[in-house]
Structure formats: C-alpha cells, structure tokens
Amino acid sequence: MKEKLYISRHIKPNDKFKPCAITIGNFDGIHLGHKKILACLCNEARNRGLLPSILTFYPHPKEYFSGQKQKNICGIRDKISILAQQGIRQIIINKFNKETAKISAESFIKDYLINILKVRLVIVGEDFRFGYNRTGDINTLKKIGLNSGLETISIEMLKDKEYCNISSSRIRSILTKGNIGSANKLLGRNFSISGHVIHGNKIGRTIGFPTMNLKIQQDCAVSTGVYAVLVHGLKNESLPGVAFLGTRKTLENNGQMLLETYLLDEKVNAYGEIISVDLIMKLRDEEKFTNISTLVKAIERDVQNARYYFLKYGL
C-alpha cells in the first residue's frame, strides 16, 4: 500500500501537525548531497517513529533578498515527486516574505519548529544558517533544543571525486553550459522534466517529425538546445527520442518555453498524458534557421546523431 504524502502551505499557529523529523532547505534538484541528508532523515525518523518531513520556502530567501529571479534545476512537480521517492512523507512549503525574514533564530526554533510543526529531530547540512540576518546555526539549534526535547544532527557536505562540494549552485552552473552528463553524475540520476502533453501548432507533424509538447518553467536552469532523451510514462520501457528545449525561434517570436520531444521508433497518441523526459546528451545549441527546409535538415541530423548515441551507449 502506497504511503500517504502530506503537503502543507503557509504555516499557521493553529495547524495540526504530527510529531516529525525534519530537514530544512530549498533542495533544488535533490542531488547526491541532498540524498545523503534525506537518507539519514528517513532512517532516523523510522527508528524514532516520526514522520520524515521537509520544510522549504517559496520564493527562495536568496531570491527574495536579491529581487532577482533564480534559475531552478527542477519545478515543484518534479521536486515533490523526487522527494516522495526518497521517502519523504510530509512537505511543508511556507511563503517567504517580509514577516518571515524578520523571525529571529530563537523564535523560529521555539514557535515554528517545536510548537507548531511538532519537530522532535532536525537534520541539516553543517553549513545551515537561519533566522533574522542568518544568525542561527547548528550550535543555536543544539543549545535551544537541549532543554526543549529537540534533537539536532548535522551532516557533512558531500564532495565529488575531486573533493569539490556537490551543491545546487554548482549544478545550475553546469546545466547553463549544457553539460548534461556532468550534471547527471552530481544529481545521481538523469535530469528530468515531466508534465502533461499539450497540443501544439502541429508543425512538427507536417514536416515529418510529430512531437509531444510540454510547457517548461521560464526559469529552468538547463540551457536551450537539442538533446538525446529517454521518455517514461507511455510504455513499460524507456523510449529513445530527440527533444528540443527552447522558444522555437525559427517559427515564432516571443514564444513560450517548450520541450518538444520526437520519439525515434514509436508513434503514440500522448495528448493529456503525464510523461517524464530524461535529458541524456546535448546534441547542439538552439538555432534560428532561415527557412523550414533548413530546419528539417537540421532535425534529420539531430535524429541521426541521437540514434548513433543510443546505438553506441544503449538506453
């Protein structure tokens, strides 16, 4: 039987929460470093009979204070799905605003974590900071928790083989450069985009390359271009394809960011279906072509290159 996932928004004093073990942060991308924390959290929560939970804020505090929109590795749908796969059973998404920014570290622990959220265990990274002017840290949690029944565990930041920290900011930088292979290694999984297949303008069908279209968040960190991909959700196995991520500069101006996926060996009526598209290898950057025939020739090369990649490396 599938365990229930609780999702809460906007913490209020009269909210009813179950005793829980919690981690706090944005967890964008849910990379290998995050998974280390989540695995520890779920294990310790199970041993104590607590609900494994995560508290995150929207918008990201850095985004709130800078006033600049931050690129994201994954959208909220994919983040929730991956967190659930990791064993999280409660996700609390709280709004970050002027009032939130003024909360002292002590008040955050006592009023929010202990009194409202019923937190009994906090597990965070060793560099975790919180509260007004970021004055709270691991020592603050341990000191206040000592007399309040709140236990704190800090997790050392995970490093790669070159002893570099694995972080969301590093992965964002890699994604913006189109190095999807390196990003996938740090994520511990393939970078994936999911959503409902929507109707497009059907141009792909008229030129021999019918596509499944997904709307993409405008702040997606991955660079635009053409990718070899694997599609999940239509059959029991992964389906190889070629996907274009961008705004279709050749066909329209100021277009919506889309992921348009062409299946190499299948014809499927997927409208309305929820699919997941793994980006495996970048084939080229987004280009604006002078005419449709030039675009078609480029797509033919993309398909040929994708076939060669999957023939060489497998699915």
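How many nonpolar, polar and charged residues does the lining of the second largest pocket hold? The legend of Figure 1 gives the answer.

All views show a predicted model, in which local features need pLDDT of at least 70 and side-chain atom pairs count only at pLDDT 80 or more, while totals for chains, interfaces and linings use all residues. Residues are numbered from 1 along each chain as its sequence is written, and side-chain values use heavy atoms, with hydrogens and water left out.

**Figure 1. The second largest pocket.** This pocket holds about 760 Å³ of space. A pocket is, on a 1 Å grid over the protein atoms alone, an open set of points with protein on both sides within 12 Å along at least five of seven lines; lining residues have an atom within 4 Å of a point, and a cavity is a set of points where a 1.4 Å probe fits but cannot get out. Among the 41 lining residues, Gly-204, Phe-209, Pro-210, Thr-211 and Glu-260 are the closest to the centre. The lining divides into 21 nonpolar, eight polar and twelve charged residues. Here Ala, Val, Leu, Ile, Met, Phe, Trp, Tyr, Cys and Pro count as nonpolar, Asp, Glu, Lys and Arg as charged, and the others, Gly among them, as polar. Helix α10 (292-313) gives the most to this lining, with four residues.

**Figure 2. The largest pocket.** The volume of this pocket is about 1200 Å³. Its lining comprises 43 residues, of which Gly-25, Asn-26, His-60, Phe-128 and Arg-129 are the closest to its centre. By class, 18 are nonpolar, 16 polar and nine charged.

**Figure 3. The largest cavity.** About 30 Å³ of space lies in this cavity. Ile-11, Leu-55, Phe-57, Asn-94, Thr-100, Ile-103, Phe-108 and Tyr-112 form its lining, with six nonpolar, two polar and no charged residues.

Figure 4. Just after α8, Gly-188 takes a positive phi of about 75°.

**Figure 5. Asn-72 in its loop.** Asn-72 lies in the loop between α2 (61-66) and α3 (76-85). Asn-72 is buried, with a relative accessible area of 18%.

Technical notes
Helix = DSSP H or I, 4+ residues; strand = E, 2+ residues; numbered from the N terminus. Points joined across faces, edges and corners; volume = space filled by probe spheres on them. Buried < 20%, exposed > 50% of the residue type's maximum accessible area, 1.4 Å probe, protein only.
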